Amino acid sequence: MEETNSLTIGCHLSSSKGFYHMGKEAVSIGANTFQFFTRNPRGSRAKAIDPGDVERYHSFAAEHGIQRILAHAPYTLNACSKDPHVREFALETMADDLVRMEHVPGNCYNFHPGSHVGQGSEEGIRLIAETLNAILRPEQHTTVLLETMAGKGSEVGRSFGEIRQIIDRVELSDHVGVCLDTCHVYDAGYDIVGDLDGVLEGFDRTIGLDRLRAVHVNDSKNPFASHKDRHEKIGEGSIGLETFVKIINHPALEGLPFYLETPNELPGYRAEIALLREKYNLIKKVYVQTERNPIQ
Ligand code: FE
Ligand code: FE
Ligand code: ZN
């Protein structure tokens, strides 16, 4: 195992060739984790899991230090649609995904909370929690993550408060966490460029940093509070490289996995991973950790 430092970083990869292929692809671009769609993003039928592929993946992952992979639900699902059939489809797809995730236990499954389409965010929050209450099982080995959204259209999850309200209504909330998307929160009006500390303190106050399980690292094509959700390459958008360096080195985000969803092919991802690894200041982190947790 050649690990240059302890930053857990990867990017979104195509799952069409299976887990083992994704593992090899991740290692080929310097990643030690990755994100993937559980099925076609439009939400169609999922390919059956190949146990041989999963087995090859697990030994490869152990050998190469790949950990905390993140599944992403199809982004077309809407757990809080006005249409009961659309809600039912989201529920069934997510329930099926969670069964499939038991083949790779101990990881997270991220989804977009949904759009309330005119019903109001309160009703949206209620319906999303209802969906989670229907699919979560005490014995599952996957943590379901609510992604922070940009607030495009009638998206629910545009504020930390909305995310908190969903979690508060979930019975088996031990199985629920949050994925913070840098582009989305910046577009939603959280100023991670001017006041990263303040935004993370707000997250901690409102949701609790213990719920934060994953970070999507994306620059934004649009200005602050634009509610647009268009990802840009790291350092080429309105957020800028300096903020990403602060994010990956922030003590409050210590040890979390970071996933790139920037508009890139593999070589572009390889370059971004190398750049962020280079900017990851291990020495400072060790110092901060030692100060906070003095050796006893
Ligand atoms: Fe997403
Ligand atoms: Fe995202
Ligand atoms: Zn996005």
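Trainee: What distance separates the zinc ion (ligand 3) from the iron ion (ligand 1)?
Mentor: This is a predicted model, where local features need pLDDT of at least 70 and side-chain atom pairs count only at pLDDT 80 or more, while totals for chains, interfaces and linings use all residues. Residues are numbered from 1 along each chain as written, ligands are numbered from 1 in the order written, and side-chain values use heavy atoms, without hydrogens or water. The two ions are separated by 5.3 Å.

Trainee: Which protein donors hold the zinc ion (ligand 3)?
Mentor: Donors are N, O and S atoms within 2.8 Å of the metal (3.2 Å for Na, K and Ca); water is not among the atoms, so sites may look incomplete. Along the chain the spacing is H-x44-D-x1-H. At 2.0 to 2.3 Å from zinc lie H184 (NE2), D229 (OD) and H231 (NE2).

Trainee: Is H231 buried or exposed?
Mentor: Buried means under 20% relative accessible area, exposed over 50%, partly exposed in between (1.4 Å probe, protein chains only). H184 has 2%. H231 has 19%, so H231 counts as buried.

Trainee: Which residues does L132 touch, leaving out those up to four places away in sequence?
Mentor: L132 is among the buried residues of α4. Contact means heavy atoms within 4.5 Å. By that rule L132 touches F111, V144, L146, I166 and V170.

Trainee: How far apart are the end C-alpha atoms of helix α4?
Mentor: Helices are DSSP runs (H or I, at least four residues), numbered from the N terminus. The expected span is 1.5 Å times one less than the number of residues. For the 15 residues of α4 (residues 121-135) that gives 21 Å, and the end C-alpha atoms agree, at 21 Å.

Technical notes: Helices (H or I, at least four residues) and strands (E, at least two) are DSSP runs, numbered from the N terminus.
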